[in-house]
Amino acid sequence: MSRRQEREQLANLNVVELQQELRETRQELFQNRVRYATRNLDNPEPLRKGRKKIARILTYIRQRELADQQ
């Protein structure tokens, strides 16, 4: 999935779905960190992608919170 498609998909989710996606992504990042530490993951790219996806999700959640305040 391209970054653009991923952003569009995240933009269409509500806050509850975003929080669920955040939990899943954090769990996936944790598993990748363990795999990387035990040398079962040679390429650190999934770690970077996971952190960026978490940041995107948190940004969308914050945007929704600010929109609800107005």
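Let's start with a word we'll need throughout: a residue is buried when its relative accessible area is under 20%, exposed when that value is over 50%, and partly exposed in between (1.4 Å probe, protein chains only). What you're looking at is a predicted model, where local features need pLDDT of at least 70 and side-chain atom pairs count only at pLDDT 80 or more, while totals for chains, interfaces and linings use all residues. Residues are numbered from 1 along each chain as its sequence is written, and side-chain values use heavy atoms, with hydrogens and water left out.

Now for the charged pairs. A salt bridge here is a side-chain nitrogen of Lys or Arg within 4 Å of a carboxyl oxygen of Asp or Glu. Searching the whole structure turns up five of them; let's walk through some.

Take Glu6 and Arg56, whose closest N and O atoms are 3.4 Å apart in a salt bridge. This pair ties together distant parts of the chain, with Glu6 in helix α1 and Arg56 in helix α3 (residues 45–69), 50 residues apart. (Helices, H or I runs of at least four residues, and strands, E runs of at least two, come from DSSP and are numbered from the N terminus.) Are these two partners buried or exposed? Glu6 has a relative accessible area of 15%, so it counts as buried. Arg56 is buried too, at 18%.

Helix α1 (residues 3–11) also holds a pair of its own: Glu8 and Arg4 sit four residues apart in it, about one turn of the helix. Their side chains meet in a salt bridge at 3.7 Å, N to O. Glu8 is partly exposed at 45%, and Arg4 is exposed at 63%.

Over in helix α3, Lys49 and Glu45 are likewise four residues apart, about one turn of the helix. The closest N and O atoms of their salt bridge are 3.1 Å apart. Lys49 is exposed, with a relative accessible area of 53%, while Glu45 is partly exposed at 34%.

What about the nonpolar side? In soluble globular proteins, nonpolar side chains tend to be buried together. A nonpolar core means a set of buried Ala, Val, Leu, Ile, Met, Phe, Trp, Tyr and Cys residues joined through side-chain atoms within 4.5 Å. The largest one here has 10 residues, including Leu10, Leu13, Leu18, Ile54 and Tyr60. Helices α2 (15–37) and α3 are the elements that give two or more residues to this core, and α3 gives the most, with five.

One core member, Leu13, is in contact (heavy atoms within 4.5 Å) with Leu18 and Arg64, leaving aside residues up to four places away in sequence.
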